[in-house]
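Notebook open. I am going through the model one site at a time and noting what I looked up.

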Amino acid sequence: MSTAFPADERLRLLLAHMSEAFLSLDARGRVLECNARAAALLGVELERLRGREPWMAVPALMGRTLHERLLVVLDSRQPTRFLAALPSRAWVEVSASPVRDELWVLATDITQREEAQALVEETEKRFRLLGERFQVALDSAQMAVWETNLATGQVFRSEGHDRLYGYPEPLPEWTHEKFLASVHPEDLPDVEAQVTALFSTRVLAYTSTFRVRWLDGRWHWLTSRARVMRDAEGRPLVVRGAILDITQLKEAELALQEAVRVRDDFLSLASHELKTPLASLLLQMQMLRRLEAADASMPLSSPKVQARLEATERAQRRMRVLVDNLLDVSRVRHGKLDFDFATEDLSTVVSELVTRTADEARQAGVRLTAHVEAPLVGSFDRLRIEQVLLNLLSNSLRYGGGSPVEVRLERTPTGARLVVSDEGPGIPEADRERVFARYEQVNGPARAGGLGLGLFIVRQIVEGHRGRVHVEQGPSGGGAAFVIELPL
């Protein structure tokens, strides 16, 4: 025959074995009953709680959530649930329910849960900050990351991915078909071959460089480095990688290649152009020696000797122009093109140089005429102005196709206007600005040869005199006219 536990004994056993804290308060908030778990959470001996308000037994509770919320329930007699932090830094979930004249308080220790939640929130915050910083780094480097699930076809991509393909805002979705549609037709076969290789080989990583068309029609260079995740049997499952915009790098590379090509072309042209006057000088010296050997008494004033000497002088002048232009290009590059300004009569400078060039024009079968208005006095560097006119005359004699060349100098309201014109093939309008660039020449046989430096130097000297130079159609509707405007 079993003996039943008395009710009081049963209650004490229940309270002692509960994992929750339990308090029973009277109408004034004094503790009628409590268990050891409650005393432990409050950090006080069990006997100190009984018969006293909890916040009087543990003064540190005063003003805390537990204190304030229990006072409200004692007054309103309305049940409630809330979270509260205890002085022991423990977190409890509290359920307070009026039972007859008492208030029963049940508290569950949720400290570990709250700490775990706080840790999760802190971790999420750190990952969010890390992600934001990572995105800033990707954007700064014009880079994005992506991942393709080959089983589902789903593509994950970072925020800036779609911008690398020219889309100002992220698209709702990104597919492999959309990627292929953006690739340059010349690059598409290589890209498709790499994709095929994912399934036909056991490649684990690859790099792909290709062009993509943006919405504005421009082509951008991208490079993508990816790794392939495979299952135990080698089947590809996931491909993930990083993609980078290398357009500026590619443009710099192409510009460098072009610069190397221009340099090689220039060296080839320079070698050819310098050899021509050197060969002429050597030939004329050899002819003079033969004349001397044939007739030692032949005077220097004889027509034959004079013809050789004049040819020698022409070759020397051409050599001087070539060397001066080469030196001046180097000076311009280093910002050291020098000038020696003095008061000069521009009409005298032009007239004298045209006279010195007349013989060379005659030898070339070109009729050279000059119309010079005098006087035109201003501040000029005489040698530099001669260099300008000599370059322009050399151009007309070489490229004018044997047509007449005219030099015209006249006064204008703001200064002087110097025009050197011929009636040759002329210069296409599209090329009239480009011919003044360094190493530039007009395409076509009519304008072949030369270093492509003369007109570049002309512009540098003219602008150094605060003037301007341009090329237009010749006076008769054909040929080319180089027009120089200089202040006086």
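**Second largest pocket.** I started with the second largest pocket: 22 residues line it, and Trp 146, Thr 148, His 176, Phe 179 and Tyr 206 lie nearest its centre. My terms come from a 1 Å grid over the protein atoms alone: a cavity is a set of points where a 1.4 Å probe fits but cannot get out, a pocket is an open set with protein on both sides within 12 Å along at least five of seven lines, and lining residues have an atom within 4 Å of a point. The model is predicted: local features need pLDDT of at least 70, side-chain atom pairs count only at pLDDT 80 or more, and totals for chains, interfaces and linings use all residues. Residues are numbered from 1 along each chain as its sequence is written, and side-chain values use heavy atoms, with hydrogens and water left out.

I noted the volume of the second largest pocket as about 480 Å³. A volume is the space filled by probe spheres set on the points, with grid points joined across faces, edges and corners. At least two lining residues come from each of β6 (143–149), α7 (176–182), α8 (188–200), β8 (205–213) and β10 (236–245). Helices (H or I, at least four residues) and strands (E, at least two) are DSSP runs, numbered from the N terminus. α8 gives the most to this lining, five residues. I sorted the lining by class: 14 nonpolar, eight polar and no charged residues. Here Ala, Val, Leu, Ile, Met, Phe, Trp, Tyr, Cys and Pro count as nonpolar, Asp, Glu, Lys and Arg as charged, and the others, Gly among them, as polar.

**Cavities.** I counted two cavities of 30 Å³ or more. The largest cavity has a volume of about 110 Å³. Its lining includes Phe 22, Leu 42, Leu 66, Leu 86, Val 94 and Val 105. β1, α2 (36–42), β4 and β5 are the elements that give two or more residues to this lining. Which classes turn up in the lining of the largest cavity? I found 12 nonpolar, no polar and no charged residues.

**Antiparallel sheet.** Next I traced an open sheet of five strands in the order β2-β1-β5-β4-β3, with antiparallel pairing. Two strands pair if DSSP finds at least two bridges between them. β2 (31–34) and β3 (80–85) are the edge strands, each pairing on one side only. From one strand to the next the twist averages 25°. β1 (residues 21–25) and β5 (residues 102–109) pair over five bridges, and Leu 25 has Leu 103 of β5 as its bridge partner. Helix α5 (residues 65–76) packs on this sheet and touches β1, β3, β4 (91–99) and β5, its direction making about 160° with that of β3. Contact means heavy atoms within 4.5 Å. Axes are lines fitted to C-alpha atoms, for helices over the stretch in contact, and angles run from 0 to 180 degrees between N-to-C directions.

**Backbone checks.** Arg 77 has a positive phi of about 60° although it is not a glycine; I placed Arg 77 in the loop between α5 and β3. I also found a cis peptide bond between Ala 374 and Pro 375, with omega about -10°. Pro 375 sits in the loop between β12 (368–372) and β13 (377–380).

**Mixed sheet.** I then followed the open sheet β12-β14-β15-β17-β16, five strands with mixed pairing. β12 and β16 (468–473) are at the edges with a single partner strand each, so one side of each has no neighbour in the sheet. β14 (residues 405–412) and β15 (residues 415–422) pair in the antiparallel sense over eight bridges. Arg 408 stands opposite Val 419 in β15. α12 packs on this sheet, touching β12, β14, β15 and β17 (480–487), and its direction makes about 25° with that of β15. α13 lies across β16 and β17, at about 135° to β16.

**Helix pairs.** The axes of α12 and α13 (residues 454–464) come within 9 Å and cross at roughly 150°. Among the residues in this contact are Val 388 and Leu 392 of α12 and Ile 457 and Ile 461 of α13. α11 (residues 346–363) and α12 (residues 382–399) pack at about 35°, axes 10 Å apart. By class, I logged 11 nonpolar, one polar and five charged residues in the contact of α11 with α12.
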